[in-house]
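Student: I have a new model open and would like to talk it through with you. Could we go step by step?

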Amino acid sequence: MTRQTQFDVDGNVVIVGGASGIGLAVAHLAAHTAKTVSILDLHEERPESLASLPDASYSSADVLDDRRLADCFATIAERGPIDRVFVSAGITLPKTIAEVSASDAQRCLMINLMGSINTLSALLPHLSSDASVVLTASVAAHTGGGFVGGSVYGASKAGVVGLTRGAARELAPRGVRVNCVAPGATYTGMVGDDPAVVDRLTSGTLLGRLASPDDIANGVLYLWSPAGSYLTGTTLNINGGSHLG
Ligand SMILES: NC(=O)c1ccc[n+]([C@@H]2O[C@H](COP(=O)([O-])OP(=O)(O)OC[C@H]3O[C@@H](n4cnc5c(N)ncnc54)[C@H](O)[C@@H]3O)[C@@H](O)[C@H]2O)c1
């Protein structure tokens with residue numbers, strides 16, 4: 001017999017950018033208790049990474065394509081209103097302002113910030129009356145970038161923190177909560193496995209290790225769950241002490 005806890009998530013769950021890394025970890029945790037799990041990502045075909053999630057549906061969507069997002073959410077909502085959303089889709093840009101081209105900067109800002117705006121906008125008609133949406137910022141929103149992401153990446157993620165606050169204010173009258181997680185360096189393809197990079201990032205933490213994708217996913221589940229029901233507009237810093245404050 002399974003026992004429900006205050007931290008369990010039920011209802012219809014959507015993960016945008018869920019084919020790898022942190023989004024995939026959230027999908028695995030959600031799959032234990034959610035009614036449905038729907039994953040959106042860039043890959044045209046259902047990716048191999050989702051083989052261990054046979055019950056999760058997959059749709060190909062780019063967060064820059066607002067019409068495609070609207071179509072996907074309308075299809076998902078045919079099974080009922082959308083209750084829990086995690087927007088993980090994002091890219092890093094490990095370049096200084098001196099190095100970065102205008103087109104690279106624009107792409108990073110568009111995917112990380114405009115992608116979150118597009119997702120929120122397309123979701124609006126389909127959210128349930130107690131929906132919880134979690135966006136993804138970064139420790140770089142506070143530090144202004146650093147080793148993995150540069151200034152433009154930091155700016156894109158600082159934008160997500162502001163967007164979270166504004167969306168929380170706008171959607172509270174509907175009963176919808178909006179929060180974000182701000183991960184520190186997390187062991188995913190985004191960080192890679194270059195030992196020199198991993199050592200340098202690890203030495204910047206107080207806990208002496210990088211985050212696992214599950215460390216961040218646990219925070220997302222908390223923000224989604226009944227245990228987090230009094231949280232909105234907040235940024236949950238999960239960074240092993242790599243930035244305090
Ligand atoms: N890994 C870290 O150290 C770290 C730290 C702080 C914040 N983050 C943030 O966490 C989020 C997840 O990153 P991750 O580490 O799991 O990396 P990841 O590369 O494993 O996952 C990102 C996912 O987003 C998808 N994606 C990228 N562009 C997209 C687009 N235009 N439309 C739809 N999907 C798109 C990718 O296909 C991929 O599946 C990102 O927003 C990232 O900026 C990561």
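Tutor: Gladly! Let's start with Ser132, which has 27 other C-beta atoms within 10 Å. Keep in mind that this is a predicted model.

Student: Is Ser132 buried or exposed?
Tutor: A residue with 20 or more other C-beta atoms within 10 Å of its own is classed as buried. Ser132 has 27, so Ser132 is buried.

Student: Now the helices: are helix 3 and helix 5 roughly parallel or roughly antiparallel?
Tutor: Helix 5 covers residues 151-171, and its axis comes within 8 Å of that of helix 3, crossing at roughly 15°. Angles under 35 degrees count as roughly parallel. Therefore helix 3 and helix 5 are roughly parallel.

Student: How many nonpolar residues does the contact of helix 3 with helix 5 have?
Tutor: Helix 3 brings residues including Leu109, Leu113 and Ile117, while helix 5 brings Val160 and Leu163 among them. The contact also has 4 polar residues and 1 charged residue, and its nonpolar count is 11.

Student: Which helix gives the most to the shell around the ligand?
Tutor: The ligand has 28 residues around it, with Gly17, Gly21, Ala89, Gly90 and Thr188 coming nearest. Helix 1 (21-31) and helix 3 (102-123) each supply at least two residues of that shell. With 3 residues, the one giving the most is helix 1.

Conventions. Residues numbered from 1 in each chain as written. Predicted model: local features only at pLDDT ≥ 70, side-chain atom pairs only at ≥ 80, totals over all residues. Near = placed C-beta within 6 Å. Helix = DSSP H or I, 4+ residues; strand = E, 2+ residues; numbered from the N terminus. Axes fitted to C-alpha atoms, helices over the stretch in contact; angles between N-to-C directions. Parallel < 35°, antiparallel > 145°, perpendicular 65-115°, else oblique. Contact = placed C-beta atoms within 7 Å. Nonpolar A, V, L, I, M, F, W, Y, C, P; charged D, E, K, R; others polar. Buried ≥ 20, exposed ≤ 12 C-beta atoms within 10 Å, placed from the backbone.
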